[in-house]
Amino acid sequence: MSAPTADRSDPGGTGVFSPTRAQISQRTLRTDSWWKSPLITDLGFAAFVIYATVRAFMQNNYYVADYHYLTPFYSPCFSTGCVPEASHFGQFLPDVWWLPYAALSLPFLLLFRLTCYYYRGAYYRSVWQSPTACAVAEPHAKYTGETRLPLIIQNTHRYFFYIAGIISVINTYDAVEAFHSPSGFGFGLGNVILVVNVVMLWVYTLSCHSCRHVVGGRLKHFSKHPVRYWLWGQVSKLNTRHKLYAWITLGTLMLTDFYVMLVASGTISDLRFIG
């Protein structure tokens, strides 16, 4: 958080580095703990990325055969190394250590979150320090925006939104399929965790800015489209808490995977209510 700012004498500098701006030697005159928020964000992102990466490449303890619990980190499971019962849509990816079993979905989900409007603002501040906080000079002399690689990819967010919606449907199918026991219908703590995770994934996905545009964008008169106007209003309400849902779903994803891993490995037994 204490990276030095760029050379202020650069005539090509923009923003706070413009020759017409006040020449203040300190990076910031703020005396509060402005660095805490970006630091917490960094730690949160790091925890999820490390956990998700390790689990995606472990290639074990992802499915509970007795109850059909399948962790979202392995869904859909397309690898030939997947347990057949966990592969609802076929097996055609090679079983190699460097390829996650859900290699066709994980990259798109990652890109959906990386290009998310909230996450962009979060990691621009915490990782790239552009800027780290209000009234704190960033360590970059120039700003090109999202007009060239790699940031121009941010403009594809709406397309990753569509794919994320499809994957959420698959996750919903997994959650419904998990109401199973060796004797037929079953219901346990794992079902509660899976369903809560799916509900929150839907809330996060539907609260997306792109979803708001899909249901209510490109209209000149809301009065002529009452259904779309109502949908736009509901999505707009969700959108006000998009940041909250973004963080909650990181937690529910890790919790769901961790619980399934513990049950699948035999470390704990699933708390059963029925079956």
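The structure holds one disulfide, a term used here for a pair of cysteine sulfur atoms within 2.5 Å. This disulfide joins C77 to C82, with an S to S distance of 2.0 Å. The torsion about the S-S bond of C77 and C82 is about -90 degrees, so the disulfide is left-handed. Both C77 and C82 are buried, where buried means under 20% relative accessible area, exposed means over 50% and partly exposed lies in between, with a 1.4 Å probe and protein chains only. C116, by contrast, is in no disulfide, and the nearest cysteine sulfur, that of C208, is 6.2 Å away. C116 counts as buried because its relative accessibility is 1%, and C208 likewise counts as buried at 1%.

All of this comes from a predicted model, in which local features need pLDDT of at least 70 and side-chain atom pairs count only at pLDDT 80 or more, while totals for chains, interfaces and linings use all residues. Residues are numbered from 1 along each chain as its sequence is written, and side-chain values use heavy atoms, with hydrogens and water left out.

Taken as a whole, the protein has eight helices and four strands, which are DSSP runs numbered from the N terminus (helices H or I of at least four residues, strands E of at least two). Their order from the N terminus is α-β-β-α-α-α-β-α-α-α-α-β. The C-alpha atoms fill a box of roughly 75 × 50 × 35 Å along the principal axes, and 42% of the 275 residues are buried.

On a 1 Å grid over the protein atoms alone, a cavity is a set of points where a 1.4 Å probe fits but cannot get out, whereas a pocket is an open set with protein on both sides within 12 Å along at least five of seven lines, and lining residues have an atom within 4 Å of a point. Grid points are joined across faces, edges and corners, and a volume is the space filled by probe spheres set on the points.

The largest pocket has a volume of about 820 Å³. Its lining has 30 residues, of which F48, A52, L109, L110 and R113 lie nearest its centre, and the elements giving two or more residues to that lining are α1 (36-58), α2, α3, α4, α5 and α8 (242-264). By class, this lining divides into 24 nonpolar, five polar and one charged, with Ala, Val, Leu, Ile, Met, Phe, Trp, Tyr, Cys and Pro counted as nonpolar, Asp, Glu, Lys and Arg as charged, and the others, Gly among them, as polar.

The structure also holds one cavity of 30 Å³ or more, and about 50 Å³ of space lies in the largest cavity. Among the residues lining that cavity are L70, N171, D174, A175, L194 and T256, and α4 and α5 each supply at least two residues of the lining.
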